[in-house]
Amino acid sequence: MRIYATTTPGLEDVSANEIELLGGKVEEVRFGKGRVFLTGDLELVAKLNYLARTLERVMILLRVEKFEKLDDIYRIVKEIDFSFIKPNQSFAIRPLRVGNHDFTSLDVGRVAGQAVIDSYMESGGVRLKVNLDEPDVIIRVDVINDEVYVGLDTTGDIALHRRGYRVYDHPAPLNPAIASALVMLSGWKCDEILLDPMCGSGTILIESAMMGRNIPPQKLRDDFQFVKIWGKEILEDVKKYVTESDVDLNLVGIERFRKHLKGAKINSEVAGVADTIDYVQGDATKLCLKTADVVVTNPPYGLRIARKGMIEELYEGFLRSAKGIVDRIVVITAEYRILKEKAEALGYVIEEERLVKYGGLDTKVFVLR
Ligand code: SAM
């Protein structure tokens, strides 16, 4: 079965690695496009949804083809065999359009929806019901430049970065799927000290703790779209293979504001990892630790010009303070020029620098030593 997963553009290789570790055979990685193509079976689909930490969605690829006009999209979708949809099930098309076309994504949704209905009826079935709010089956039709991808969404409208533990809503939280990818990039091992000196609501530390204890990222969720299609048994089977541990981890979070720190503790409790993260109110520019193996952090970006000076001071202060205490640093920021300039001036070695698209923003991830 051909499958594709969506992930954060710029972190596809990290996701591809994770997919392989979970038993998928990666066939193609589209760098910068946030897509990884692979092969596997239904069990893998369930595993990827329940266990993958860096993915956004998992789709079964029904068709990928070049097209020229809107009518071609109708034809391509109509040729697909939709007999996996039960006659009493509803469906919805979720269209996406990237590039220049003389039609909108609404048009894509309309023609693809009609094509599904016609295809099903012509192969002897009923007229399928459309339900845009709570469909049983979601078909994703992604029109990307001159190609159309048709996929059966096995995840659903709630993407996998939504973990369910975020009770306290920080004003600038990091996407947990990206947080996990950063921890993976850092090469952190369970017996090492990991510090996030600007931890906000604790996402990076919570993800690290869940990783270190083998807690499934979707432990709090069972409403995947694939359960609506194939039933709960396939998910229960995957759950049987998971062995969580209660290993004691060395995770430290520093945050300037008490309000966020309190929120981080609440989120950690909901995630079931509060006992293994130490939260300290403090200043990232005056680190209170004697040593840390790894820093993984998501500092403020200060998107408003007026705050640029503050960001420069903060980045320099943090990097200066970490020098000699920390072995390696993974940092994500939209203010990458400032970060790079300060890191180089302080004699850090930039081991890696990659562009990551995050919520429409160009950010960079650095691995420093
Ligand atoms: N990764 C976090 C999350 O998912 O919730 C969000 C981090 S947010 C982008 C940056 C955080 O750095 C904010 O919570 C801010 O209060 C904190 N911060 C800013 N300056 C700081 C400093 N000097 N020391 C410690 N924390 C600081």
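1. Helix H2 passes helix H8 in a right-handed crossing. The model under discussion is a predicted one, and the points below should be read with that in mind. The two helices, with H8 spanning residues 233-240, pack at an angle of about 65°, and their axes are 9 Å apart. Because angles of 65 to 115 degrees count as roughly perpendicular, H2 and H8 are described as roughly perpendicular to each other.

2. The contact between these helices draws on Leu 42, Glu 43, Ala 46, Lys 47 and Tyr 50 from H2, which meet Ile 234, Leu 235, Asp 237 and Val 238 from H8. Sorted by class, the residues of this contact comprise six nonpolar and three charged, with no polar residue among them.

3. As for the overall division of the chain, domain 1 covers 2-153, while domain 2 is made of two segments, 176-216 and 242-368. The C-alpha centres of domain 1 and domain 2 are separated by 34 Å. Eleven residues of domain 1 are in contact with 14 residues of domain 2. On the domain 1 side, helix H2 (42-51) and strand E4 (55-66) each contribute at least two of the residues that touch domain 2. That side of domain 1 has six nonpolar, three polar and two charged residues.

4. Turning to helix H5, which runs over residues 176-186, its packing against H6 has an angle of about 65°, with the two axes 9 Å apart. The crossing of H5 past H6 is right-handed. From H5, the contact involves Pro 176, Ala 179, Ser 180, Leu 182 and Val 183, and from H6 it involves Thr 203, Ile 204, Glu 207, Ser 208 and Met 211. By class, the contact of H5 with H6 divides into six nonpolar residues, three polar residues and one charged residue.

5. The crossing of H10 and H11 is right-handed. On H10 the contact is made by Ile 311, Glu 312, Tyr 315, Glu 316 and Leu 319, and on H11 by Ile 338, Leu 339, Lys 342 and Ala 343. This contact of H10 with H11 has six nonpolar and three charged residues, and no polar ones.

How values were computed
Residues are numbered from 1 along each chain as its sequence is written. This is a predicted model: local features need pLDDT of at least 70, side-chain atom pairs count only at pLDDT 80 or more; totals for chains, interfaces and linings use all residues. A crossing is left-handed if the near helix is turned anticlockwise from the far one by less than a right angle, and right-handed if clockwise. Helices (H or I, at least four residues) and strands (E, at least two) are DSSP runs, numbered from the N terminus. Two residues are in contact if their C-beta atoms, placed from the backbone, lie within 7 Å. Ala, Val, Leu, Ile, Met, Phe, Trp, Tyr, Cys and Pro count as nonpolar, Asp, Glu, Lys and Arg as charged, and the others, Gly among them, as polar. Domain bounds come from an automatic or database domain assignment. Axes are lines fitted to C-alpha atoms, for helices over the stretch in contact, and angles run from 0 to 180 degrees between N-to-C directions. Angles under 35 degrees count as roughly parallel, over 145 as roughly antiparallel, 65 to 115 as roughly perpendicular and the rest as oblique.
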